[in-house]
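Here are a few notes to read alongside the model, written for someone opening it for the first time. Have the viewer ready and follow along point by point.

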Amino acid sequence: MIKISACILAKNEEENIAECIRSVKPYVDEVIVVDNGSTDNTGEIAESLGSIVLDGSNLLLDSARKLYMEKAKYDWILILDADERFGKLGEVSLKEFLSRIKDNIWGYGILSYQHSGLGKWAEVHILRLIRNNKMIHYNESPIHSSVAPSIFENGAEINDTSLFAIHHLDILIKGRPVPKRKRYRTMLEEILSNKNRNLDKDTENMYKCFLGLEYVAVGEYDKAEKIYEHAVEEDFKYRNFALECLCQLYMYRKKYEKVKKYITDKNILLFRNNAVLGNYYNYFDKEKAADFYENIIKNSNATASDYLNLAYLLKDKDRIKARELLEKAVEKNSYLLKRVSYDLGEKQNLFIIQSNKIG
């Protein structure tokens, strides 16, 4: 029988840690919390809920994460942040899903709902489910560190799944985004301006894409546009991400005509985020947009936003079907019924251009 370790890195999260632990505890066999130097009751709360608490005071993030990687004793590791919640599971249990995985797959990107307030969210896949394998480790990047490079270096694969979800609530937590965004923006600007930096082309362009999102968060859209327009002309590993960000920013700024240049037969398969094409079609041809979402729902593992967007497009044409689609969206994203999703949300939100909702 597959067993799972849930691992959480937390610092001064006494208001969030309990809900995070309770959301994941029914689905895993142990919960490990690394207390990264809290001055509040984070560690005590985690311990009272049956978690293994490790002291990660004064450790850099990767060193702190290494603690839970070394302590975890079960087959798979599920990684969460304290301001995230593991979503309600569907027909397939997490353990049942993992019992069928081929040996060459070492990690899964789990669907993450990045809630931004007023009932909006972005859907992205984040690598949070990995095998407990000593060859997997964080890459010690100064920002957005990842275990993905170590997986690829060993010839293994990473897949995505939308069967399970994480709900990320940091934008809805008062006072959190502003200092976080300033810290990330400053770090990225320093890394990219360092003349002695030793970055490969893929990493440098990825950092530029991250910086573009940081500029979006503070409303410096012209700077972000310039970064993405240059990035899409480059031949690098993550060009599809730059392409999505550029098109999302154009549409957010009502520059739909500029998007036409990139919605081509050559590029169309690069758009992993359905809302990029959905929003584009919705602006130019609502019938085509409806057909687009119908095909997604018919032929693939559709997400909550796919059902919600089709419901929006059919609300005047077929109210009964639209209602059925709304009910399916709620099954996929239970936070549609939670009041917290409709709070205003903080202003500095790098996911604002990535909302998966149309209309």
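This is a predicted model: local features need pLDDT of at least 70, side-chain atom pairs count only at pLDDT 80 or more; totals for chains, interfaces and linings use all residues.

1. Let's begin with the aromatic rings. Searching the whole structure turns up 13 aromatic pairs. One of them joins Tyr113 and Trp121 in an edge-to-face arrangement, with 6.0 Å from centre to centre and 80 degrees between the planes. Both partners are hidden away: Tyr113 is buried, and Trp121 is buried too.

2. Next, have a look at Tyr250 and Tyr262. Their ring centres are 6.4 Å apart and their planes stand at 25 degrees, so this pair counts as stacked; the cut-off for stacking is under 30 degrees. The pair links distant parts of the chain, 12 residues apart: Tyr250 belongs to helix α9 (residues 239-252), while Tyr262 is in the loop between α10 (256-259) and α11 (274-284). Are these two tyrosines buried or exposed? Tyr250 has 3% relative accessibility and Tyr262 has 6%. Buried means under 20%, so Tyr250 counts as buried, and Tyr262 does as well.

3. Ring pairs tie together Tyr256, Tyr280, Tyr281, Tyr283, Phe284, Phe292 and Tyr293.

4. Two arginines deserve a quick look. Arg65 has its charged end over the ring of Tyr138, 5.0 Å from the ring centre. Over the ring of Tyr184 sits the charged end of Arg181, at 5.2 Å from the centre.

5. Now for helix α13 (residues 304-314). Why call α13 largely enclosed by the rest of the structure? Because 10 of its 11 residues are buried. Among them are Ala304, Asp306, Tyr307, Asn309 and Leu314. The cover over the buried residues of α13 includes the strands β6 (105-117) and β7 (120-131), along with helices α11, α12 (286-299) and α14 (319-332).

6. Finally, zoom in on how α12 meets α13. Their axes come within 9 Å and cross at roughly 145 degrees, and the crossing is left-handed. On the α12 side, the contact is made by Lys286, Ala289, Ala290, Tyr293, Glu294, Ile296 and Ile297; α13 brings Asp306, Tyr307, Asn309, Leu310, Leu313 and Leu314. Sorted by type, the residues of this contact are nine nonpolar, one polar and three charged. Tyr293 ties two of these points together: Tyr293 is in the ring cluster and also in the contact of α12 with α13.

Technical notes
Residues are numbered from 1 along each chain as its sequence is written. Side-chain values use heavy atoms; hydrogens and water are left out. Rings of Phe, Tyr and Trp (its six-membered ring) pair if their centres lie within 6.5 Å; planes under 30 degrees apart count as stacked, over 60 as edge-to-face and the rest as tilted. Buried means under 20% relative accessible area, exposed over 50%, partly exposed in between (1.4 Å probe, protein chains only). Helices (H or I, at least four residues) and strands (E, at least two) are DSSP runs, numbered from the N terminus. A charge sits over a ring if NZ of Lys or CZ of Arg is within 6 Å of the ring centre and within 35 degrees of the ring normal. Contact means heavy atoms within 4.5 Å. Axes are lines fitted to C-alpha atoms, for helices over the stretch in contact, and angles run from 0 to 180 degrees between N-to-C directions. A crossing is left-handed if the near helix is turned anticlockwise from the far one by less than a right angle, and right-handed if clockwise. Ala, Val, Leu, Ile, Met, Phe, Trp, Tyr, Cys and Pro count as nonpolar, Asp, Glu, Lys and Arg as charged, and the others, Gly among them, as polar.
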